[in-house]
Amino acid sequence: MQDFLSKIDKERLPSHVAVIMDGNGRWAKEKNKPRVFGHKNGVTSVREISEASAELGIQYLTLYAFSTENWNRPAAEVTALMTLLVETVRRELKTLNKNNIRLNAIGDIDNLPKATKRALLAGIEETRGNNRMTLTLALNYSARWEILNATQKIATKVENGQLASQDINESIFASHLETHSMPDPALLIRTSGEMRISNYLLWQLAYTELYFSPVYWPDFRKNHLYEAIVNFQTRERRFGKTSEQLSSPA
Ligand code: IPE
Ligand code: IPE
Ligand code: MG
């Protein structure tokens, strides 16, 4: 595989990269191993991609770690995933601090198992002074839940007279989402060849460039990320305009 790092234009990096880490189960199955073996090996990819993103100068990396729909998986797999999360957050804290990475979470965190929530909040607290990159884990996350939740918060403000309904605009709406402190993702990467959004960041992905990699998540390495970024940099983000308008702004 060619070296993609040298082809990246460091001046035009996506400020926010979102990832749907997919294919752990199939990766394990191909090796005649239990699905959980795939999840465990996926942690190596999380470490690699977080480190590569911070090294490049990407400011926000948001990883889909557990969707609300994932509660429907076999109980043993769910338990293993939650345990893995606790272990990983604890084990990686030192590295996060060494790399000046701030940990963050989006999703229905209050309804996670107590131990998971506790480890997560401790990790967030212990890294809050870091400012090279924000690593956000989407956990017990569902974009429709997030949008409904924002709508309820806004409705309450309208009821209380804190907000007039005619003043609700995109920026006010976005400020009530879980991602309120981040820019929208410029690039979304989904691994494992699946081409769907699976209830991820539905509002925020409105103008995101989508990149689908055939590689299973546990095999996804730094150079795969670099390849995605090189591909991203070949795209023309038109935001509704014509190509001519972009090359000679009137
Ligand atoms: C992604 O891999 C990890 C999670 C959803 C937690 P999968 O577990 O979905 O792997 P596949 O899609 O079954 O191969
Ligand atoms: C999406 O992957 C959720 C995560 C990566 C955590 P899934 O593997 O759960 O998605 P579907 O169900 O195949 O769409
Ligand atoms: Mg999957």
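**Notebook: rings, charges and helix packing**

I looked up Trp217 and Phe220 and found both buried (under 20% relative accessible area with a 1.4 Å probe, protein chains only; exposed is over 50%, partly exposed in between). I note that the model is predicted, that local features need pLDDT of at least 70 and side-chain atom pairs pLDDT 80 or more, while totals for chains, interfaces and linings use all residues. Residues are numbered from 1 along each chain as written, chains are lettered from A and ligands numbered from 1 in the order written, and side-chain values use heavy atoms without hydrogens or water.

**Aromatic rings**

I counted ring pairs of Phe, Tyr and Trp (six-membered ring for Trp; centres within 6.5 Å; stacked under 30 degrees between planes, edge-to-face over 60, tilted for the rest). The count comes to eight aromatic pairs. The ring centres of Trp217 and Phe220 are 5.5 Å apart with planes at 20 degrees, so I recorded this pair as stacked. I also noted one aromatic cluster formed by Tyr64, Tyr141 and Tyr200.

**Charges over rings**

I then searched for charges over rings (NZ of Lys or CZ of Arg within 6 Å of the ring centre and within 35 degrees of the ring normal). Lys7 has its charged end over the ring of Phe4, 5.7 Å from the centre. Lys33 lies over the face of Phe37, with 5.0 Å to the ring centre.

**Helices α3 and α4**

I next examined helices (DSSP runs of H or I, at least four residues, numbered from the N terminus). Helix α3 (residues 75-98) packs against helix α4 (residues 114-126) at about 10 degrees, the axes being 9 Å apart. The two are therefore roughly parallel (angles under 35 degrees; over 145 is roughly antiparallel, 65 to 115 roughly perpendicular, the rest oblique). I recorded their crossing as left-handed (near helix turned anticlockwise from the far one by less than a right angle; right-handed if clockwise). For contacts (heavy atoms within 4.5 Å), I listed residues of α3 including Met82, Leu85 and Leu93, which meet residues of α4, among them Ala115, Ala119 and Leu120.

**Helices α2 and α7**

The axes of helix α2 (residues 35-56) and helix α7 (residues 222-233) come within 9 Å and cross at roughly 50 degrees. This angle makes α2 oblique to α7. I recorded the crossing of α2 and α7 as right-handed. Among the residues of α2 in this contact are Glu48, Ile49 and Ala52, and the α7 side includes Leu225, Tyr226 and Ile229.

**Lys29**

I located Lys29 in helix α1 (residues 24-30). Lys29 counts as exposed because its relative accessibility is 64%. From Lys29 to Asp167 I noted 138 residues in sequence and 52 Å in space, C-alpha to C-alpha.

How values were computed
Axes are lines fitted to C-alpha atoms, for helices over the stretch in contact, and angles run from 0 to 180 degrees between N-to-C directions.
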